[in-house]
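Visitor: I would like to learn how to read a model like this one, feature by feature. Please take the general idea before the case.

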Protein chains: 2
Amino acid sequence: MKTTATLPRPSVSTLYLSAPEAAELIRQKGLQNCIAGIADNIKADFLRWNDFDKSARVANHSHDGVIELMPISDDVSYSFKYVNGHPRNHRFGLPTVMAFGVLADVATGCPTFLSELTLTTAMRTAAMSAVAARALARPNSRVMALIGNGAQSDFQALAFQHLVGIEEVRLFDLDTAATKKLADNLVGSGLRVVICASTADAVRGADIVTTVTADKTNATIITPEMIEPGMHINGVGGDCPGKTELHADVLRASAVFVEYAPQTRVEGDIQQMPADFAVTELWEVLAGQKPGRADAQQVTVFDSVGFALEDFSALRFMGDAAAELGLGEQVALIPEMDNPKNLFGVLRQSAGRVSRPDLRLAA
Amino acid sequence: MKTTATLPRPSVSTLYLSAPEAAELIRQKGLQNCIAGIADNIKADFLRWNDFDKSARVANHSHDGVIELMPISDDVSYSFKYVNGHPRNHRFGLPTVMAFGVLADVATGCPTFLSELTLTTAMRTAAMSAVAARALARPNSRVMALIGNGAQSDFQALAFQHLVGIEEVRLFDLDTAATKKLADNLVGSGLRVVICASTADAVRGADIVTTVTADKTNATIITPEMIEPGMHINGVGGDCPGKTELHADVLRASAVFVEYAPQTRVEGDIQQMPADFAVTELWEVLAGQKPGRADAQQVTVFDSVGFALEDFSALRFMGDAAAELGLGEQVALIPEMDNPKNLFGVLRQSAGRVSRPDLRLAA
C-alpha cells in the first residue's frame with residue numbers, strides 16, 4: 001500500500017498528439033515541409049519493403065460506411081491506424097474520413113505514440129501520390145486535373161505543386177461549394193487555379209489527373225474518351241469494395257501501379273478486373289527492380305488505396321516532429337506498476353488522488 | 001479565419017479513460033461489481049452472437065512477443081482492442097500484457113470512447129472464465145487450482161469466488177514470489193488460500209483447474225494423470241500460436257468448449273489437434289442450442305484465448321461507468337471543423353492558442 005501522495009516516475013507512458021496539437025505542429029513546421037518529410041519517409045520505407053510484416057487492412061463494413069484497422073511492423077516498430085470512410089457523414093456536419101493511430105515498440109509492446117491521423121492521413125495520402133507521380137508521370141508535367149474537391153484535395157494540390165512541379169490545377173466537383181472552398185484555400189499558393197464545368201473539361205490537356213471523390217459507388221468518373229496519350233492518372237478515391245472511379249477500359253489501356261497488390265485487388269479500381277490483371281507494385285519501380293513508365297505516350301495509373309506502411313512512415317514523422325518541437329503530452333494509457341506481476345496492486349495505489357485503503361471488494 | 005479565441009463546442013470528441021482513472025473507477029464501483037457487470041454484458045452479447053461482424057484477431061509476431069488488434073462490430077457499435085503479449089517483459093520491469101481500445105459509432109465512424117484496457121482485460125478475462133464455468137463446471141464446485149500466479153491470477157480468484165462460489169484456491173507458480181504476491185492480495189478476501197508445491201499438488205482434488213501461465217512455449221502444464229472425473233479446466237494461458245498449456249491427451253479425454261472456433265484453432269490449446277477436432281462454441285451452450293457438460297463425471301475444458309466480443313462487452317461497461325461517475329476527460333482525437341470538407345481550414349484555426357495567420361506554406 002502506498003503511503004505517499006507522490007507517484008513513481010512513469011516507465012510506461014505514451015506521447016499523445018491531439019488534432020489541435022497536430023495542427024500546431026504543421027503550422028510550426030510548415031505544411032509543405034511536413035508533406036515533403038512524410039514523402040521522404042515513405043520513399044525510404046518503400047525501399048525496404050521486404051523488412052515489413054504486411055497484411056491487408058481489416059474492414060468492418062456497415063450500411064453507411066466502413067471502419068478499418070491497418071497494422072504493420074518491422075523488427076523495431078509497430079504501427080496501426082484506425083480510419084473510417086462514411087461518404088454521407090456531411091449530413092451530420094462530420095468529416096467522411098477520420099483517423100488516429102499508434103506507434104509501438106516491437107521489443108516490449110509498449111505504445112509509445114498516440115496521434116490524431118485525420119490531418120496526417122491527408123498529408124500522407126498526398127505525399128504518397130506525389131512519390132508515385134515522381135516515379136510514373138512525365139517529368140515535365142505541369143498541369144493537373146483535380147476531380148473531387150473535398151477534404152483531401154487541398155493537400156493533393158500543394159503536394160503536387162511542391163514535390164512534382166505542377167503549376168496549374170483544373171478543378172471539378174459536383175459540389176460547386178467544395179470547388180469554391182478549394183479555390184479559396186489555394187489563393188496565394190502560387191498555383192494557377194482553373195475552375196472547370198465538368199470532369200471532361202478539367203481533364204482536357206492535363207498531364208496528371210487526380211481523382212479523389214468520396215461516393216461509395218462503382219462510379220466511372222474517368223472514361224476512355226477523356227484519356228490522352230502520356231497522361232498519369234492518380235486514382236485516390238477508388239479505395240473500398242464497391243467504390244471505384246475509373247472505367248475498366250481506362251485500366252485496360254494503361255500500365256497500372258499499386259501499393260500492395262493483395263489489398264488493392266480487393267479495394268482499388270482494379271477490383272473490377274480479373275484476379276490476374278497485370279499490375280506492378282510501386283516499391284519495385286522505386287527500387288529499380290521493375291520498369292515504371294515505358295515512354296512519353298503510355299498512360300500510367302497509380303491505383304492508390306492507402307496502405308499501412310504509409311501511415312507507419314507518417315506516424316514516425318509526426319512523432320519525431322512532436323518530440324523536436326515539444327508538442328503533445330504524456331498520457332497514462334498503460335498502468336504504472338511497481339511489480340509488473342502485481343496488476344491487482346494498481347487498484348491499491350493512490351492514482352494521485354486520495355489514498356483509498358478501502359478497496360471495497362465487497363462493495 | 002477565426003478571429004475569436006473561444007473554440008466552437010466540439011461535435012467530435014472522445015471520452016478518454018486513462019489507467020489511473022480506470023483504477024479509480026474500479027475503486028469507486030468495487031472490483032467485484034465491475035467483474036460482475038462485465039460478466040453480465042458478456043453473457044448478454046454472447047446471446048446475440050449472430051448480430052456481430054466477427055473475425056479472428058490480426059497478429060504481428062516478433063522474436064519476443066506479439067501485438068494484436070481485435071475488432072468487432074454490431075449494427076450500432078464498433079470496438080477494437082490493441083493488446084500485446086511479451087512473456088519476457090518482466091526483465092524490463094514491464095507487464096507481459098498491456099492493452100487499450102476504442103468504442104466507435106458505426107453510423108458515423110466517430111471514436112466515442114478511448115480507454116486503457118490493461119486492468120479491464122484482466123477483469124474481462126476473469127469474467128469470461130466465470131461465465132464459462134457457470135455453464136460448464138459442476139454446480140457445487142468449491143475448490144479451484146490456480147496454476148500461474150501472475151498479473152491475471154488475482155482477478156481469476158475473485159471472479160470465481162464471487163460469480164461461481166469457489167471457497168478454496170490452491171496456488172502454484174514456478175515463481176514463488178508470484179504465489180506470495182497472490183496469496184498476500186487474497187488476504188481478507190474470504191477465500192481459503194493453499195500454497196502448493198507443484199501443479200499436481202494444486203490440481204489434486206480441485207473441482208476447477210485454472211491455468212493462466214505466460215510462457216510462449218508449447219508447455220504441458222496439465223498432464224493426463226492429474227485429471228480427475230468431473231473436473232472443469234479453465235485454460236486461459238494457451239492463447240497464441242506456439243503457446244499451449246494442456247497435454248493433447250487431456251483435450252482428447254474432454255469435452256472442449258471455445259469462444260470463436262476459427263480463432264481458437266489457431267491460438268488455443270487445440271492448435272495441437274487436427275482441424276476437425278470437435279469443439280463447441282460457448283455461445284451455443286449459453287443459448288441452449290448445444291449441450292454443455294453431459295454428466296458429473298465428464299471432464300470439460302474451456303479453451304479460452306480471449307475474443308474481441310468480450311472486449312466490446314467490457315468497453316461498454318467501462319464507458320457507461322465512466323459516464324455515470326464523471327470519470328475520464330474529453331479529448332480532441334479528431335479535428336473540429338466548421339465545414340467538414342475544409343480539413344485544410346483546420347490549419348488556419350487558432351487551436352486555442354495564438355491565432356496564426358501566417359500559415360507558412362513556404363516555410
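Visitor: Is strand 5 (residues 99–105) of chain B largely enclosed or exposed, and why?

Guide: A residue is buried if 20 or more other C-beta atoms lie within 10 Å of its own, exposed if 12 or fewer, and partly exposed in between, with C-beta atoms placed from the backbone. Strands are DSSP runs of E of at least two residues, helices are runs of H or I of at least four, and both are numbered from the N terminus. In strand 5 of chain B, six of the seven residues are buried, so the rest of the structure largely encloses this strand. This is a predicted model, in which local features need pLDDT of at least 70 and side-chain atom pairs count only at pLDDT 80 or more, while totals for chains, interfaces and linings use all residues. Residues are numbered from 1 along each chain as its sequence is written, and chains are lettered from A and ligands numbered from 1 in the order in which they are written.

Visitor: Which strands pair with strand 5 of chain B?

Guide: Strands of a sheet pair through backbone hydrogen bonds, either parallel or antiparallel. Two strands count as paired if DSSP finds at least two bridges between them. Strand 4 (residues 77–85) of chain B pairs with strand 5 of chain B in the antiparallel sense over seven bridges, and F80(B) has V102(B) as its bridge partner. Strand 6 (residues 111–116) of chain B is also antiparallel to strand 5 of chain B, over five bridges; here V102(B) stands opposite L114(B). Strands 5 and 6 of chain B form a hairpin with five residues between the strands, and in this hairpin G109(B) takes a positive phi near 85°.

Visitor: How many residues lie between strand 2 and strand 3 of chain B in their hairpin?

Guide: Four residues lie between them. Strand 2 (residues 58–61) and strand 3 (residues 66–73) of chain B run antiparallel and are joined by four bridges, with H61(B) opposite V66(B).

Visitor: What is the strand order in the open sheet of eight strands in chain B?

Guide: The order is 9-8-7-10-12-16-14-15, with parallel pairing. Strand 9 (192–195) and strand 15 (280–281) of chain B are the edge strands, each pairing on one side only.

Visitor: Are W283(B) and G190(B) buried or exposed?

Guide: W283(B), in helix 9 (residues 282–286) of chain B, counts as buried because it has 21 C-beta neighbours inside 10 Å. Two residues are in contact if their C-beta atoms, placed from the backbone, lie within 7 Å. Leaving aside neighbours within four places in sequence, W283(B) is in contact with F46(B) and W49(B). G190(B) sits in the loop between helix 5 (176–186) and strand 9 of chain B, and with 11 other C-beta atoms within 10 Å it is exposed.

Visitor: Which residues have the most contacts inside the largest nonpolar core?

Guide: In soluble globular proteins, nonpolar side chains tend to be buried together. A nonpolar core is a set of buried Ala, Val, Leu, Ile, Met, Phe, Trp, Tyr and Cys residues joined through C-beta atoms within 7 Å. The largest one has 227 residues, and A127(A) and A127(B) have the most contacts inside it. Beyond neighbours within four places in sequence, A127(A) is in contact with I35(A), I38(A), A39(A), I42(A) and A159(A).

Visitor: Where are the domains of chain A?

Guide: Domain bounds come from an automatic or database domain assignment. For chain A the assignment gives domain 1 (14–119 + 311–346) and domain 2 (133–306). Their contact takes 18 residues from domain 1 and 17 residues from domain 2 of chain A. Helix 2 (residues 31–46) of chain A supplies the largest share of the domain 1 side, seven residues.

Visitor: What rotation superposes chain B on chain A?

Guide: Two copies of a chain are related by a rotation about an axis and a shift along it. The superposition is by least squares on the C-alpha atoms of residues with pLDDT of at least 70 in both copies. Here a rotation of 180° with 0.0 Å of shift along its axis superposes chain B on chain A (RMSD 0.0 Å). The two copies are thus related as by a two-fold rotation axis. The same surface serves both, since 100% of the contact residues of chain B recur in chain A.
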